[in-house]
Amino acid sequence: MKKGIVIITIIMLVVGIFLISNKSYADDKAIDDKTESKIVEMKNNVANSLEDYKAKYGSDSYGTVAYILNLVRIYSIPICFLGIAVGAIHQYVIGIRKLDTLERGMAFIVTCVTLLIICQILPLAFAVFVKFGRG
């Protein structure tokens, strides 16, 4: 019963990721003006966000590092949750038959949780260090 629920959940997750990320296009056209304007707008938003970080931290290097740490913080959440799911499959589904896979699954879960915590706390620690550490 547990195997079936886990396998169905993983299949739905993978199919959902592919359906969301891969849009089917009817015809292969060149980039039209509307799409080009959206791309330019996205580029300007990223540049403005980076400039905001540079102004907030008072330095180009500190602002760039803070911007990168914010991106790491955002993108680490789904990657680590996917890693936790893979570790759970190794521990609870495959590990029922093989004890070495059971231990490997638990180690992978612990690694992903540790990585998630580090990626979430690192931007905060950097901000505190920059704000109070450099005077």
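# A chat about a predicted helical model

User: Where is Gly58 placed?
Analyst: Gly58 sits in the loop between H2 and H3, and please keep in mind while we talk that this is a predicted model.

User: Is Gly58 buried or exposed?
Analyst: Gly58 is exposed, since its relative accessible area comes to 65%, and the cut-off for calling a residue exposed is over 50%.

User: And how far apart are the C-alpha atoms of Gly58 and Val130?
Analyst: Those two C-alpha atoms are separated by 9.9 Å, although Gly58 and Val130 are 72 residues apart along the chain.

User: Switching to rings, how many aromatic pairs does the count come to?
Analyst: The count comes to 3 aromatic pairs. One of them is formed by Tyr57 and Phe126, whose ring centres are 5.9 Å apart and whose planes make an angle of 45°, so that the pair is classed as tilted.

User: Why give both a distance and an angle?
Analyst: A pair of aromatic rings is described by the distance of the centres together with the angle of the planes, which is why both values are given.

User: Where do Tyr57 and Phe126 sit in the chain?
Analyst: Tyr57 belongs to helix H2, which covers residues 33-57, while Phe126 belongs to helix H4, which covers residues 99-133, and the pair therefore links distant parts of the chain, 69 residues apart.

User: Buried or exposed, those two?
Analyst: Tyr57 counts as buried at 11% relative accessibility, and Phe126 counts as buried at 15%, because buried means under 20%.

User: Which residues form the aromatic cluster with Tyr57?
Analyst: Tyr57 forms one aromatic cluster with Tyr62 and Phe126.

User: New topic: how many disulfides are there?
Analyst: The count comes to 0 disulfides. For Cys112, the nearest cysteine sulfur is that of Cys80, and it lies 5.7 Å away.

User: Are Cys112 and Cys119 buried or exposed?
Analyst: Cys112 is buried, with a relative accessible area of 9%, and Cys119 is buried as well, with 12%.

User: What about the surface, which residues make the nonpolar patch?
Analyst: Leu13, Ile17, Leu82, Val86 and Phe108 make a nonpolar surface patch of about 390 Å². Helix H1 (2-21) and helix H3 (60-94) each supply at least two of the patch residues.

User: Where is Leu13, and how does its relative accessible area class it?
Analyst: Leu13 lies in helix H1, and with a relative accessible area of 36% it is partly exposed.

Methods: Residues numbered from 1 in each chain as written. Predicted model: local features only at pLDDT ≥ 70, side-chain atom pairs only at ≥ 80, totals over all residues. Heavy atoms only, no water. Disulfide = S-S within 2.5 Å. Buried < 20%, exposed > 50% of the residue type's maximum accessible area, 1.4 Å probe, protein only. Patch = residues over 30% accessible without salt bridge, like charges linked within 9 Å, V, L, I, M, F, W, Y side chains within 5 Å. Areas by Shrake-Rupley, 256 points an atom, 1.4 Å probe, with all protein chains shown as cover. Salt bridge = Lys/Arg side-chain N within 4 Å of Asp/Glu carboxyl O. Helix = DSSP H or I, 4+ residues; strand = E, 2+ residues; numbered from the N terminus. Phe/Tyr/Trp six-rings, centres within 6.5 Å; stacked < 30°, edge-to-face > 60°.
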